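The structure under discussion is shown below.

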Amino acid sequence: MDIRQLINEKLAFLREKGVSSSRLELKILLAFVLKKTTDELYLYKLPLSDAQIKEFDRLVALRAEHYPVDKIVGRKGFYKYEFEVSKDVLSPRADTEIMVEKAINMIRENNFNSILEFGVGSGCIILSLLADTKNTIGVGIDISSKALQIAGNNARLLDVKERINLLQASWFDDNILEKIGQDFDIIISNPPYIPSGEINTLELEVKNFDPLTALDGGKDGLRDYRRICLLANKILKKGGILLFEVGEGEAERVKEIGEVNGLSYQETLRDLNDIKRCIIFKK
Ligand SMILES: C[S@@+](CC[C@H](N)C(=O)[O-])C[C@H]1O[C@@H](n2cnc3c(N)ncnc32)[C@H](O)[C@@H]1O
């Protein structure tokens, strides 16, 4: 059996189990077992050793339990970089890349140098911004100490550890502004935005493997936008920018929340599926 056949066989197995997987996912799992890149895979000399077959079977069995591939291999590509991930962080989403690209352009055009992220998770957003801009420094806040550990590892991987301060705190803490202790040119956030009552309807890969604190945005999904807008109005410099990722159908309501909190609405960006995904405000 060659690599192609092996992958087809496992794909059929996953489909039988009701898991919608892809050839690429299986290539990533097999490449991980063989310690190769997916491009190198088809050059690999068969047969696989018994240990390699056993390990590949084990990983495919995890996938059959809806374990997401990035969390099986502990790595996820996002924007231009690769990030360590685990069950303690939200898996970085391609939908978020549009906001990252926009923020990088705005930082460069305006010579911004201070960045704050509310809810860093793996760090995929703020670390990409720091890696792609010069003379920038950042503060990243998260309530989860386990997420901050992963973000710290990723800061080292991207070689920006010296330029980021990772702070464990909740944005609902009474003294959060004192803890942050400075103003910023740019604030960015992809907060939890799923209405609590909809968490159960999410696909198993998300519901069972992304942390609940990264998903649950309260009764109407907008709880954290209200709090972050209130804080942003106090710690954005004049002319500073706030960028939010929003859930599908939330754009208009988040625009209103920003305006009620004294921020000036600038622009809405759509993601690759043409969904309104990013809202931008100016102080
Ligand atoms: C949707 S995830 C975004 C993670 C990452 N920025 C990304 O885009 O992949 C939201 C993050 O906010 C954090 N979070 C949720 N509630 C919080 C709170 N009250 N204070 C601080 N962080 C919070 C979660 O732990 C999670 O890491």
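## Ligand shell

In this predicted model, the shell around the ligand is made up of 13 nonpolar, 8 polar and 1 charged residues. The ligand is surrounded by 22 residues, of which Gly119, Gly121, Ile143, Asn190 and Ala214 are the closest. Two or more residues of this shell come from each of helix H6 (124–132) and strand S4 (137–142).

## Packing of H2 and H3

Helix H2 spans residues 23–34 and helix H3 residues 50–64; their axes come within 10 Å and cross at roughly 145 degrees. The crossing of H2 with H3 is right-handed.

On the H2 side, the contact is formed by Leu29, Leu30, Val33 and Leu34, which meet Gln52, Glu55, Phe56, Leu59, Val60 and Arg63 of H3. By class, the residues of this contact comprise 7 nonpolar, 1 polar and 2 charged.

## Packing of H10 and H11

Helix H10 (residues 223–235) packs against helix H11 (residues 251–260) at an angle of about 30 degrees, and their axes are 9 Å apart. Angles under 35 degrees count as roughly parallel, and H10 and H11 are therefore roughly parallel to each other. Their crossing is right-handed.

In this pair, Tyr225, Arg226 and Cys229 of H10 meet Val254, Ile257 and Gly258 of H11. The contact of H10 with H11 contains 4 nonpolar residues, 1 polar and 1 charged.

How values were computed:
Residues numbered from 1 in each chain as written. Predicted model: local features only at pLDDT ≥ 70, side-chain atom pairs only at ≥ 80, totals over all residues. Axes fitted to C-alpha atoms, helices over the stretch in contact; angles between N-to-C directions. Helix = DSSP H or I, 4+ residues; strand = E, 2+ residues; numbered from the N terminus. Left-handed = near helix turned anticlockwise from the far one by under 90°. Contact = placed C-beta atoms within 7 Å. Nonpolar A, V, L, I, M, F, W, Y, C, P; charged D, E, K, R; others polar. Near = placed C-beta within 6 Å. Parallel < 35°, antiparallel > 145°, perpendicular 65-115°, else oblique.
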